Amino acid sequence: MGKKNHSDAGMHRINLSAWLVVGLLGASVLVTLYPFWLAATNAVKSPADYGANGPIALPQSFDLSGLLRFWHNVDFTLKLFNSALISGAVAAIAVLLSLLSAYAIGIGRIKGSRTVLFIVTMGMMVPQESLVYPLYYIMKSVGLFDTRTSVIIIFAVLQSAYGTYLLSAVLSTFPRELLEAAEIDGASRFEVLVHVVTPLLRPTLMVLATFFFIWTWNEFLLPLVLLISNDNQTVSVAMGTLNTQYTSDPTTTAAASLLGLAPTVLFFLIFQRTLTRGIAVGAVK
Amino acid sequence: MEAAKPSSYLLYILPSAIGFVGIIIIPFILNIAASFTQWRGVGIPKFIGLANYARLLKDELVWEGFYHSLIFILSMAVIPTILGLILAALLFDYVAARFGKTTASFFRAGFYLPQILPLAVAGVLWGWIFSPIGVLNTTLKAWGLDFLARNWLGDPGTAMLCVMFVMVWLQLGYSLVIFMSGLARVDPALYEAAELDGATWFERFRYITVHMLKPELFVVGLTTTIAALNVFAPVFVLTKGGPNNATTVPSLLAYYHFFTTNRVGYGATITTMQTALTMLLAYVFVRLQSRDQ
């Protein structure tokens, strides 16, 4: 109790036990990140170097042939393009769908808003496993099976359920004065959406788009089932279905891991603030 | 004025509504309907009532799969939530207070990184580490610990433990990040006051951190438990459910029946059970939460 007179800095002295805690945490972070390091260092080793010095030694050689061979054999450029196209389209369409429906629910307060939101929330919980076969069958029937379009449509709808839920909550607290002022100025509902609501929501929409992009990039089950030809597959599906030709040779597996994780690590570095802080947006409402 | 033309707002919800019905509601109903039929994916499904469900109750593999779901709940929900809570509290009220917010953010980012990997890529990476000729065995042999080397993912005794380890590695960042952003609501003065009153770190953890993070605990608990119940990609990539079904899960069994044995009706029965359990869990969590408030 006598501590009350101490200054703030004095209260939190960096003593031995503080160093111990930080040391332990630092070691845990290093252990967590070690697999990334392993993939990066072994991907650039020559097979001879790997054989002689093992996986945990630093590379004594710098050999990109494993990486290049893997890139060429799985046509990684095309896989990257497919993933980027699908994820980009889903992010854009899902944000648009979420914005439109949330506008009707949060601002328009259409009849039965609560019921609609309840159904949307239930829809968010439905496991993809219980949709996978009917979607596979429907896409086959309408001639969209094994097209990137099928995956784009499906994920745009699935992600927009979350977006609608989140944006409706945000829009239900939208300042009414702004809407009324725009109405007095004679703005139509569409003009209000485009010129009043959207600009104010922009940061939230960007966060949503980032998450939709990365979630779609990482999706596995539905793309695995719906995209069977090599030309349409995403990075995630290509990684999950690597054949033993690649997984039996250690430096090639390391190369595959490195190529698979590189794009998402890149997104992480670009969007780190959004990802580690924005994830809770709407998670707790 | 607004009430005069309520119908025009309906136009805005129409695209989502069409998509929602076509992509979620209709497939959802079709899947439940298929569970009452015998169907190989072509021709007319044959209605067989509850026969698939009767078979499910006697299917030892399905029971084993749901038993493994419990292990996945442990490794994807329970352990990461507890570890994440302790880590978040340490980073927020211990590390940040002494070493600055930048240090705490750096640790948070480090623990979070595995969470952004595609599950399939995480599977390839860990599959390589655990493979008979992989990183772990090569290193153990180099250190003269040959007796410890084994086929980690191919041995029924170790396969599940390895998969569990990977799941904790993957999931920890999720709960940590949500808990840390939840703690941002908490006034640091609360901790300082408690500290001045002589509360130990553990007491502050119990009475401030855990108490303040209750909403986040519900959300993390619910979402990770649902994810564990429906886990597919990491198991598919790491073990395909083997060896000898030691790591199989309901999603994998359903996938197998849908696309390998073509017992679509039976696959639909398994996924309908998964959905029912998911909804039940969600209901229980929401009830618990509303009772708590």
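Me: Before we start, how are residues, chains and ligands numbered or lettered?
Reply: Residues count from 1 along each chain as its sequence is written, while chains are lettered from A and ligands numbered from 1 in the order in which they are written. This is a predicted model, where local features need pLDDT of at least 70, side-chain atom pairs count only at pLDDT 80 or more, and totals for chains, interfaces and linings use all residues.

Me: OK. How many helices and strands are in chain B?
Reply: Chain B has 13 helices and 2 strands. These are DSSP runs numbered from the N terminus: helices are H or I with at least four residues, strands are E with at least two.

Me: What box do its C-alpha atoms fill?
Reply: Along the principal axes, the C-alpha atoms of chain B fill roughly 80 × 75 × 30 Å.

Me: How many residues of chain B are in contact with chain A?
Reply: 78 residues of chain B are in contact with 79 residues of chain A. Two residues are in contact if their C-beta atoms, placed from the backbone, lie within 7 Å.

Me: Which helix gives the largest share of that side of chain B?
Reply: Helix α1 (residues 7-34) of chain B, with 15 residues.

Me: And by class, what is on that side?
Reply: The side of chain B that touches chain A has 54 nonpolar, 20 polar and 4 charged residues. Here Ala, Val, Leu, Ile, Met, Phe, Trp, Tyr, Cys and Pro are nonpolar, Asp, Glu, Lys and Arg are charged, and the others, Gly among them, are polar.

Me: New topic. Which residues of chain B does UniProt annotate as "transmembrane region"?
Reply: The unreviewed UniProt entry puts that annotation on several spans of chain B, including 157-179 and 264-286. UniProt positions are in the numbering used here, feature names are shortened, and annotations may be inferred rather than shown by experiment.

Me: What do those two spans look like in the model?
Reply: Residues 157-179 of chain B are 100% helix and 0% strand, with end C-alpha atoms 34 Å apart. Residues 264-286 of chain B are also 100% helix and 0% strand, and their end C-alpha atoms are 32 Å apart.

Me: Last one, B:G241. Where is it found?
Reply: B:G241 is in the loop between α11 (233-238) and α12 (250-259) of chain B.

Me: Buried or exposed?
Reply: B:G241 counts as buried because it has 23 C-beta neighbours inside 10 Å. Buried means 20 or more other C-beta atoms within 10 Å of the residue's own, exposed means 12 or fewer, and partly exposed is in between, with C-beta atoms placed from the backbone.
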